[in-house]
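Here is a short tour of one chain, meant to be read with the structure open beside it.

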Amino acid sequence: MSDVTEHPGRLRRAGRLKPILIGILSAVLVVVLGFVVWTQIVMQGTRPAALAVWEDPAVSVTDVGDAVVLTPTADAERPASGTGLVFIPGAKVDPYAYLYKLSGVVEEAGVTVVITKPTLNLAFFDQRPLETFTAAAPDVDTWFVGGHSLGGVRACQLAEDPAVTGLVLFGSYCANDLSGSSLEVLSLAGSDDGLSTPEKVADARVRLPADATMIEIEGANHASFGDYGVQPGDGTATISTDEARSEITRDLVELLG
């Protein structure tokens with residue numbers, strides 16, 4: 001008899017819970033969809049800088065789906081050297097925003113550069129292995145990894161791969177400890193970087209090998225390492241994009257060339 005009387009009560013409770021559960025699931029779905037839409041609103045590369053690389057006879061630009069590959073042509077100062085750099089963009093920054101700043105080392109040192117397209121435009125969501133990107137340049141036999149800002153944090157993780165020779169950081173620093181590794185490391189900071197400040201880069205120095213090369217580019221801010229306009233929270237650059245490119249190219253050629 002009790003089962004008969006309790007059953008309608010359970011049905012009533014279930015009826016009350018159903019709209020609550022639907023409401024919770026709907027709210028979660030809205031949050032997830034909103035987040036996905038937010039990740040797709042990227043800081044676009046500036047057209048003049050990217051166009052300069054597309055029109056450069058010394059550099060070939062190829063979109064391979066997972067990445068954008070820069071390789072030297074017959075007009076480059078040096079032929080392909082067999083050295084490559086897998087480079088990871090900063091959070092929500094268009095991969096093409098790095099064409100101009102990275103093309104100099106292609107021209108002058110024959111380095112192949114593979115600029116990745118991170119999952120959801122955020123490097124920490126991209127857990128694909130290094131070979132996903134090195135496969136785009138099968139002729140390269142010596143690989144470096146690098147990245148800008150959050151992309152540099154992910155690059156530090158990929159640097160633990162035995163296939164990696166060295167690490168390049170643009171306005172970034174490691175969260176994992178590489179101090180005991182034999183990696184060749186170049187860390188470039190901007191004196192006017194308002195996000196990855198010189199102080200933050202210096203504080204994280206202990207996680208890099210003792211012989212890491214640490215360079216502060218005077219007058220550069222966080223966005224100086226790419227070409228995508230003003231970034232919220234950043235300092236004000238006092239050098240031009242061409243001056244920043246010259247410094248970046250010189251330092252990369254020293255390491256990779």
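A residue is called buried when its relative accessible area is under 20%, exposed when over 50%, and partly exposed in between (1.4 Å probe, protein chains only). By that scale L21 counts as exposed, at 51% relative accessibility.

The model is predicted: local features need pLDDT of at least 70 and side-chain atom pairs count only at pLDDT 80 or more, while totals for chains, interfaces and linings use all residues. Residues are numbered from 1 along each chain as its sequence is written, and side-chain values use heavy atoms, with hydrogens and water left out.

**Overview.** The chain has seven helices and eight strands; these are DSSP runs numbered from the N terminus, helices being H or I of at least four residues and strands E of at least two. Of its 257 residues, 47% are buried.

**The surface of α1.** L21 sits in helix α1 (residues 2-39). Together with L17, I20, I24 and V28, L21 forms a nonpolar surface patch with about 470 Å² of accessible area. Such patches take residues with over 30% relative accessible area and no salt bridge, nonpolar side chains being joined within 5 Å. A salt bridge here is a side-chain nitrogen of Lys or Arg within 4 Å of a carboxyl oxygen of Asp or Glu. The areas come from the Shrake-Rupley method with a 1.4 Å probe.

In α2, A49, A50 and V53 are buried. They cover an arc of only 95 degrees around the axis, which puts them on the same side of α2; the arc is taken from the directions from the helix axis to the C-beta atoms. R47 and P48 are exposed on the face turned away from that buried side.

| Helix | Buried residues | Cover includes |
|---|---|---|
| α2 (47-54) | A49, A50, V53 | β1 (59-63), α3 (99-109) |
| α5 (150-158) | G151, G152, R154, A155, C156, L158 | β3 (83-88), β5 (142-148), β6 (164-170) |

**The disulfide.** Which cysteines form the disulfide? They are C156 and C174, with sulfur atoms 2.0 Å apart, inside the 2.5 Å cut-off for a pair of cysteine sulfur atoms. C156 lies in α5 and C174 in the loop between β6 and β7 (184-190), so the pair ties together parts that are 18 residues apart in sequence. The link is left-handed, with -80 degrees about the S-S bond. C156 is buried at 0% relative accessible area, and C174 is buried at 1%.

Technical notes:
Contact = heavy atoms within 4.5 Å. Patch = residues over 30% accessible without salt bridge, like charges linked within 9 Å, V, L, I, M, F, W, Y side chains within 5 Å.
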